[in-house]
Amino acid sequence: MARAFTPKVVTANDLLDGDVIYLTEDDRWSRDLAEAELITDEAHAQVRLLDAERQAAKIVGAYLADAVAGEHGPEPTHFREDFRRTGPSNYAHGKQESSPQPRV
Amino acid sequence: MYRYSEFDKAFLAERNAQFRAQVERRIDGSLTEDEFKPLRLMNGLYLQLHAYMLRVAIPYGTLSSDQMRQLALLAEKWDKGYGHFTTRQNIQYNWPKLRDVPDMLDALAEVGLHAIQTSGNTIRNVTADHFAGAAADEVADPRPYAELLRQWSTDHPEFQFMPRKFKIAITGSENDRAVIKAHDIGLQLVERDGVLGARVIVGGGLGRTPMIGKELSEFVAFDDLLAYLEATVSVWNQIGRRDNKYKARIKITVHEHGIDAIRAKVNERFLKVRPQFKGADMALLDEIKGHFAPPAFRDGSVAAFEGAYSNDPVFRSWVDTNIAPHKKADHAIVTISIKKHGHTPGDATAEQMQVMADLAQEFAYDELRISHEQNVILPHVHKADLPAIHAKLKEHGLATANIGLISDIIACPGMDYCALATARSIPVAEQIATRFDELKLEHDIGHLKIKISGCINACGHHHVGHIGILGLDRAGVENYQITLGGDGTETAAIGERAGPGFSYDEIVPAIERLIYAYLDLRSDADETFLQTYRRLGMAPFKAALYPEAQANAA
């Protein structure tokens, strides 16, 4: 039996500065996971991934990452995605510099 | 120090201009990422978790003060004010912007540095003993040969699309400080009947299939060495596996075919390759050797050193741990620790880089080295200058007296930066260092090498740590496996796994139990952790690591 689909967001890195970005429902790329479109349907997820991959001149390495609905929007389920939405733990660099993204 | 010729300068300028155009074509959409990726990797540019990362080669670990200042400039101008020295004598910048990278490469070229072949399936940056040219125990300085290898391997047409990456390390000493047995090819310079040559080790490597290198030849004279190496890489390039990237390194080829079969193939290939080498390489080596002539060592009294050593306990402690014997008795080799307790191993700020450059210029004949253990070395220092150097280092957080001790930890960037990582390394290293500093046990514990990797690829050399720590992802949670008894020197050994892994919160207490067990078990204060392990084996350490299992069995 195929594994049940778990909710996803489309994420990638920005071509010019490499920063982690997320595809929003209104087709923007946001730096903030909370603004991402949380996709609960598998077929729709594949379509959104294709939408992302077409934007090769703006983004790099789009993929579907697991996420869950939180109070303020999607939240990561895995620590790797938690690091990606926040920044490294040895310095307050990356996203946590500009907008505080507390680790869950 | 090698000085670039007009040819070297023109080559690098052209290469950088090509890459600048490639970046422009990527940004304007003419190149897809699939097309651009191999091009950027050939120039050391990765895309990591949060940003791009530029890996700059420090060939055979040698830098002049001008070069170190330029590395500081890059950190300040195009990064976040620091750089990360790696386990392969590279420096990595963690936050460059794609548009800025061509300017960074041009700035590096101004001082004869580059990022060529620091990635991709090519012959990577050739690494060397970081005490080369200064060590009291070496047969010859390996760096001229390393520079010859750099020139030979750069853009070598036969070796641009190999099954996998290929790493060469070289040492001039029996005491192996360059981990030659964990490289695809390891070279140890040896002299036989007055002829200089090398013992050739092949098929070592860490990663998911750790292997200790095997002797391919006990002696190849310098005249034949380049042809012999070309034959070796060529044999692997032909028969190395391309069906599976995890089976592609030469260590697997050697393992599958056997060292005797590989030797026979290399010898056969060598006979074909040898006539193509008509002595131009030896002429070039002679010229390169001139660039590495030892400095004019100054004379003078060492009384100032002896006085400070007797009177200043902080200075004495630093000398006892961070100073190694120099081939000239009134000189010393200084290792500057980039492992301040609680800080990221191998990270230096732009200001610290400038301070080290100034010290090299004023006191150390303008030379610096980067070690695979992520420290910086002043290879030639008159002992009388040690107190002034120590005082300056102290002002800039660089005087930690911990070389070879428990807090002198190798750690890869791990999940904090690396796209391949499965767990963090840096905070584990920081916490171990902080904990044993608090316990004031570091000097009592003595010589101990802890090495931490954040994934199975083993950039943190965990397999050859006396204590190795491997960070994995177990069901979505960080989990750390401990190996014991590894050794990266001439008595190289792969560490043995102690048992089940520990969670992020449990790993530092586990290391603490291990160390207290060692302190109880050692025969006397001079017996190192590795010696105790070799004498007693795994059992008593396992008992300390897993007390519950012990209790349940009882």
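Mentor: Let us begin with a bridge: in strand β5 of chain B, Ile91(B) is the bridge partner of Phe85(B). Strand β4 (residues 82–85) and strand β5 (residues 90–93) of chain B run antiparallel and are joined by two bridges. Strands here are DSSP runs of E with at least two residues, helices are runs of H or I with at least four residues, and both are numbered from the N terminus. Two strands pair if DSSP finds at least two bridges between them.

Trainee: What conventions apply to the model and its numbering?

Mentor: The model is predicted, with local features needing pLDDT of at least 70 and side-chain atom pairs counting only at pLDDT 80 or more, while totals for chains, interfaces and linings use all residues. Residues are numbered from 1 along each chain as its sequence is written, and chains are lettered from A and ligands numbered from 1 in the order in which they are written.

Trainee: In what order do the strands of the open sheet that holds β5(B) stand?

Mentor: The order is β1-β2-β5-β4-β13 in chain B, five strands with antiparallel pairing. At the edges are β1 (45–47) and β13 (347–349) of chain B, each of which pairs on one side only. From one strand to the next the twist averages 30°; for such angles, axes are lines fitted to C-alpha atoms, for helices over the stretch in contact, and values run from 0 to 180 degrees between N-to-C directions.

Trainee: Which strands pair with β7(B)?

Mentor: Strand β6 (residues 127–128) of chain B pairs with β7(B) in the parallel sense over two bridges, and Ala128(B) stands opposite Ile170(B). Strand β8 (residues 185–192) of chain B also pairs with β7(B) in the parallel sense, over four bridges, with Thr171(B) opposite Gln188(B).

Trainee: How is the packing of two helices described?

Mentor: Two packed helices are described by the angle between their axes and the distance between the axes. Helix α1 (residues 6–27) and helix α4 (residues 101–110) of chain B pack at an angle of about 175°, their axes 9 Å apart. That makes α1(B) roughly antiparallel to α4(B); angles over 145 degrees count as roughly antiparallel, under 35 as roughly parallel, 65 to 115 as roughly perpendicular and the rest as oblique.

Trainee: Which residues of α1(B) and α4(B) meet?

Mentor: Two residues are in contact if their C-beta atoms, placed from the backbone, lie within 7 Å. Residues of α1(B), including Leu12(B), Phe19(B) and Val23(B), meet residues of α4(B), including Val101(B), Leu105(B) and Ala109(B). By class, this contact has eight nonpolar, one polar and two charged residues, where Ala, Val, Leu, Ile, Met, Phe, Trp, Tyr, Cys and Pro count as nonpolar, Asp, Glu, Lys and Arg as charged, and the others, Gly among them, as polar.

Trainee: Is Leu12(B) buried or exposed?

Mentor: Leu12(B) is buried, with 21 other C-beta atoms within 10 Å. Leaving aside neighbours within four places in sequence, Leu12(B) is in contact with Ala109(B) and His114(B).

Trainee: How many residues of chain B are in contact with chain A?

Mentor: There are 22 residues of chain B in contact with 22 residues of chain A. The side of chain B that touches chain A has ten nonpolar, five polar and seven charged residues.

Technical notes:
A residue is buried if 20 or more other C-beta atoms lie within 10 Å of its own, exposed if 12 or fewer, and partly exposed in between; C-beta atoms are placed from the backbone.
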